[in-house]
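Open your viewer and keep the selection tool handy.

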Amino acid sequence: MPNRDDCLQLDAHDPLAPLRAAFELPPSVVYLDGNSLGARPRAAAARAAQVVQQEWGEGLIRSWNSAGWFALPRRLGDRLAPLIGAGAGEVLVTDTTSVNLFKLLGALLRLQHERDARRRVIVSERGNFPTDLHIAQGLARMLRQGHELRLVDRAEDIPAALGDDVAVLMLTQVDYRTGALHDMAALTRLAHERGALALWDLAHSAGALPVDLRGADADAAVGCTYKYLNGGPGAPAFLWIAPRWQGVLETPLSGWWGHAEPFAMEPQYRPDAGIGRFLCGTQGIVSQALVECGLEVFERTDMAAVRHKSLALTDLFIALVEQRCGAHPLTLITPRQHERRGSQVSWQHPQGYAVMQALIGRGVIGDYREPGILRFGFTPLYTRFIDVWDAVEALRAVLDGEEWKQERFQVRTAVT
Ligand SMILES: Cc1ncc(COP(=O)(O)O)c(C=O)c1O
Ligand SMILES: Nc1ccccc1C(=O)C[C@H](N)C(=O)O
């Protein structure tokens, strides 16, 4: 079993190690929550100042053209595309993941309705992130065409749920609680064989592992930029549409930014011919501009290298926790097989909330999800092997010393 020096050696030989310098991280913190909010690229502070001072302050309204603000959602989409196996002109950075899901699910349901009106079921997992399920429920209610959500409790039950009444299979590629990774190509193929379309949420996979949307023949996808892509709190999300559906799918949020000629100011909506039709209204430029700083870092490596380090970090974390905290009631809920694991490791503990607060008190930042789940995200761009060691030692101290029993660690905060 590796010791602390071995971890230092792993860092010394890590080809991704130099990328850590591209991020601002407090020296006293071990940050294992990049699956919720990525760390700040150093370049983001100067970029924010440039947008606010020069582009807004001096350029004023001219900056929509002169600083490229108007083109930003498409430009960022093109820059993000290689990370998810997409091509140019297929991706937009815009709105939130929830709003993008609404637009794409609405568009896919409409397409299916036109092809076969009996297909009115959306298949997903009960454990999917709540917003995905809530958006589907809201759309089904609004459409008043008899759409319904069919939820399965286990991934193995997905094939049986794909009957001839299914319109869309809507899944999150990496489970936000367990970190379990779906086989996107196999499930998409199955959905297609059954006449359904496949919509993927890449919130926990974009920037965390190689994603191949075109290779998997998926139909549409959404995802966050504020997690593994390090775009900043509340940074705009992204959406992707397969080439075969470009110009075919229609957005249910037909705002003026998706018009073929927004400044023709026509009363009649006429959609843009390409991906631009999935824009809705004016973009939050300050936040959007910062997404570029996160994407730039990925251009200094490749996703195969990111994946290689991610698996090494999560393997090490699992092994060390089992060895050094083995006496405590921790249950691993993340798959051990590499092909089934994203870039996070989750453990269940009867006092999970308090244990996580005590860990955060020691400067090791992960997060907590019901029921009793300690979540640790590993971002290969800036997480070191020594961080894994130090995190496990802190966890051991919290558990061996029963630090979590302190009153202050029982207090529930709004965001966990
Ligand atoms: C799978 C998944 N989808 C969507 C979201 C969030 O969407 P939004 O950015 O709209 O809050 C998250 C996390 O917040 C998530 O984990
Ligand atoms: N958007 C947030 C705002 C505040 C706190 C957390 C989030 C998250 O993104 C949570 C994440 N989606 C999760 O997998 O739980």
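How are α1 and α13 oriented to each other, roughly parallel or roughly antiparallel? Select helix α1 (residues 4-12) and helix α13 (residues 385-400): their axes come within 7 Å and cross at roughly 155°. The two helices are therefore roughly antiparallel to each other, a label for angles over 145 degrees. Axes here are lines fitted to C-alpha atoms, for helices over the stretch in contact, with angles from 0 to 180 degrees between N-to-C directions. Helices (H or I, at least four residues) and strands (E, at least two) are DSSP runs, numbered from the N terminus.

A word on the model: it is predicted, so local features need pLDDT of at least 70 and side-chain atom pairs pLDDT 80 or more, while totals for chains, interfaces and linings use all residues. Residues are numbered from 1 along each chain as its sequence is written, and side-chain values use heavy atoms, without hydrogens and water.

Now show the side chains where α1 meets α13. Arg4, Cys7, Leu8, Leu10 and Asp11 of α1 touch Phe385, Ile386, Trp389 and Asp390 of α13 (contact means heavy atoms within 4.5 Å).

Next, colour the open sheet of four strands, ordered β11-β12-β15-β14 with antiparallel pairing (strands pair if DSSP finds at least two bridges between them). Its edges are β11 (331-332) and β14 (367-369). Zoom in on β12 (residues 344-348) and β15 (residues 373-377), joined by five bridges; Ser346 stands opposite Arg375 there.

Helix α12 (residues 352-361) lies across β14 and β15, at about 40° to β15.

Conventions:
Chains are lettered from A and ligands numbered from 1 in the order in which they are written. Angles under 35 degrees count as roughly parallel, over 145 as roughly antiparallel, 65 to 115 as roughly perpendicular and the rest as oblique.
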